[in-house]
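Trainee: I would like to go through some of the terms used for this model. Please set each one against its definition.

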Amino acid sequence: MTLGITATVLIFCVGEWLPLDVVAIAASATLMLLGLVTPEEGISGFGNSATITVMAMFILSAGIARTGAIQSVNQFFIRWGGKHPSRQILALGVIVGPVTAFINNTAVVAVFIPVIEDWCKQRGISVSKLLIPLSYATILGGMITVIGTSTNILASGISKRLGYGEFGLFQFTQIGLITFVVGLVYLAVAAPSLLPSRIKPSRDLVQDDYGLKTYISEIVITPTSGLVGQLLSDSCLKRSAKCPYQRFDVDVLELIRNGVHFSHPLDHKVLQPRDILLVRASRKDLLEVKAEKGIEIHPEIQFGQINLGSQGEGLAEALVLANSELIGSTLKDIQFRQRYNAIVLAIRQGEKLVRERISNIPLRFGDVLLLQGPKPSLAGLQAHPDLLIINQQEINNYRRDKAGIAIAIGLGVVGLAALNLVPILVSSLVGAILMVITGCLKPGELYSAVRWDIIFLLAGLIPLGIAMEKSGATQWLSGGLVSVGEGLPGYLVLTIFFVVTSIITEILSNNASVVLLIPIAAQVAEQLGLNPLAFIFAVTFAASNSFMTPIGYQTNTMVYGPGGYKFMDFVRIGLPLNILMAIITPPLIIRIYGL
């Protein structure tokens with residue numbers, strides 16, 4: 001039964017029919033229902049030291065990021081980036097590598113996407129050349145210390161439960177530094193030629209990036225139109241209380257009357273003859289409006305004359321973050337325009353562009369929304385936890401006067417753990433509390449700082465690992481692997497585990513990989529008379545060895561849309577890096593820790 005539940009979890013993970021955290025919690029509930037774990041064991045993941053430590057580290061990372069402490073290092077990148085792509089990647093890696101060794105890498109990527117966007121615009125460089133290297137550098141940097149990723153912390157907790165003890169803060173720093181340097185050099189050499197310029201360096205967002213030339217039009221209200229005398233909100237050109245089921249996929253961006261431009265809010269405007277409406281709509285919808293409402297469609301207009309950023313209006317790109325409440329909802333469901341006072345002109349989902357019926361598209365993590373609205377409204381979104389504005393020149397809402405305090409708290413957490421004065425669980429919790437007491441974070445920001453999907457994923461997977469051990473499933477699987485590995489050299493067995501974990505983590509998630517494979521790897525090592533810690537470290541490193549797909553690791557998903565990448569871009573640059581890590585990491589583990 002345990003293997004059946006595990007197989008079902010794997011199928012749901014591959015199929016992506018439900019979020020991973022929901023699948024994990026459902027698996028935990030099923031295990032309790034069938035009596036495979038006790039209720040106490042079923043909810044033990046919520047009180048597990050790894051889960052609480054990860055939660056505290058999210059808060060610490062948010063506190064440091066919220067004060068602008070990370071943002072301040074971008075001056076180094078701007079100063080030393082130079083003009084050559086290889087030098088730019090090296091400068092970027094030198095910054096983000098050490099930072100992500102101690103701070104959650106999703107927070108670092110969130111800070112640096114706007115920095116890279118602005119810097120590339122100044123230098124005339126495509127962001128596509130730098131965003132994948134940014135993601136990969138943070139993944140490699142996260143392996144320098146135990147607190148660099150949630151996967152490392154979880155692996156440490158599993159190692160403790162299996163009787164091999166928790167990892168020290170710098171347990172595998174030596175290997176982590178070597179793999180980081182090798183990986184960064186590879187990126188500096190290979191990325192400039194392997195990564196195409198998907199996003200033009202000097203670009204018109206509306207026309208070049210999102211291809212909206214045929215979707216932005218001007219329509220004229222004729223004297224005989226049925227729209228004359230109606231409020232725009234009652235016209236059914238846009239959804240409202242009186243028109244909840246909008247027939248036409250039309251967004252009114254601007255009203256022009258006698259040469260005067262009116263922007264939002266427009267609901268109260270009474271439409272008059274000869275009014276000109278600037279709209280986002282397909283030709284098909286415009287023809288339907290013409291037939292029913294009696295309007296004129298301007299002949300092919302000079303697109304360069306349309307300035308969606310005029311009269312106090314602005315354009316911005318917004319990235320849907322991993323813990324966003326918008327995920328799974330449509331623009332219609334959340335009444336996006338009313339909620340944020342901005343219109344979504346198009347949605348970029350990886351390499352896919354959505355420009356029609358966008359109000360009915362469920363939003364996903366990593367989607368990029370092209371927004372048009374009043375500049376104050378767009379500026380206000382910079383502090384919103386659901387969205388990340390990725391092309392604003394300057395963000396003024398950092399608590400920069402608290403940056404030194406936040407850094408001191410972070411160093412204190414690391415120092416206490418490194419000196420073994422208190423466990424990392426204790427020091428990280430104390431640090432999280434100090435972030436609030438000192439004003440680096442407001443109390444209400446604690447909850448938005450935590451990646452609750454990761455917390456629930458860990459809480460649901462830990463009971464699955466317990467059930468695997470209690471039911472004998474781990475022993476049965478490891479026994480079969482032992483019979484295969486008895487005639488093979490220990491180095492080869494270790495490498496096989498590394499490669500298998502690397503493949504599984506691309507399909508599932510890094511956290512699921514360590515939960516399922518660390519107990520099996522440790523038992524195989526023991527039965528073959530090899531060093532279990534070497535195998536645990538191999539699985540831990542391989543679980544973060546996720547470079548081949550945009551969905552295997554969260555930071556890859558974050559840069560997928562902003563970089564305009566195609567799926568094969570990750571395979572082209574990531575597969576050689578995966579192979580390189582598989583070649584160098586197992587020998588390093590054997591040399592440092594023994595086999």
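Trainee: Which residue of strand 5 is the bridge partner of valine 220?

Mentor: In strand 5, that partner is glutamate 296. This is a predicted model, where local features need pLDDT of at least 70 and side-chain atom pairs count only at pLDDT 80 or more, while totals for chains, interfaces and linings use all residues. Residues are numbered from 1 along each chain as its sequence is written, and side-chain values use heavy atoms, leaving out hydrogens and water.

Trainee: Why are strand 1 and strand 5 called paired?

Mentor: Two strands pair if DSSP finds at least two bridges between them. Strand 1 and strand 5 (residues 295-297) have three bridges, in the antiparallel sense, so they pair. Strands themselves are DSSP runs of E with at least two residues, and helices are runs of H or I with at least four, both numbered from the N terminus.

Trainee: Why is strand 1 called mostly covered?

Mentor: Buried means under 20% relative accessible area (exposed is over 50%, partly exposed in between; 1.4 Å probe, protein chains only). Six of the six residues of strand 1 (residues 216-221) fall under that cut-off, so the strand is mostly covered. Ile216, Glu218 and Val220 point one way, Ser217, Ile219 and Ile221 the other way, and all are buried.
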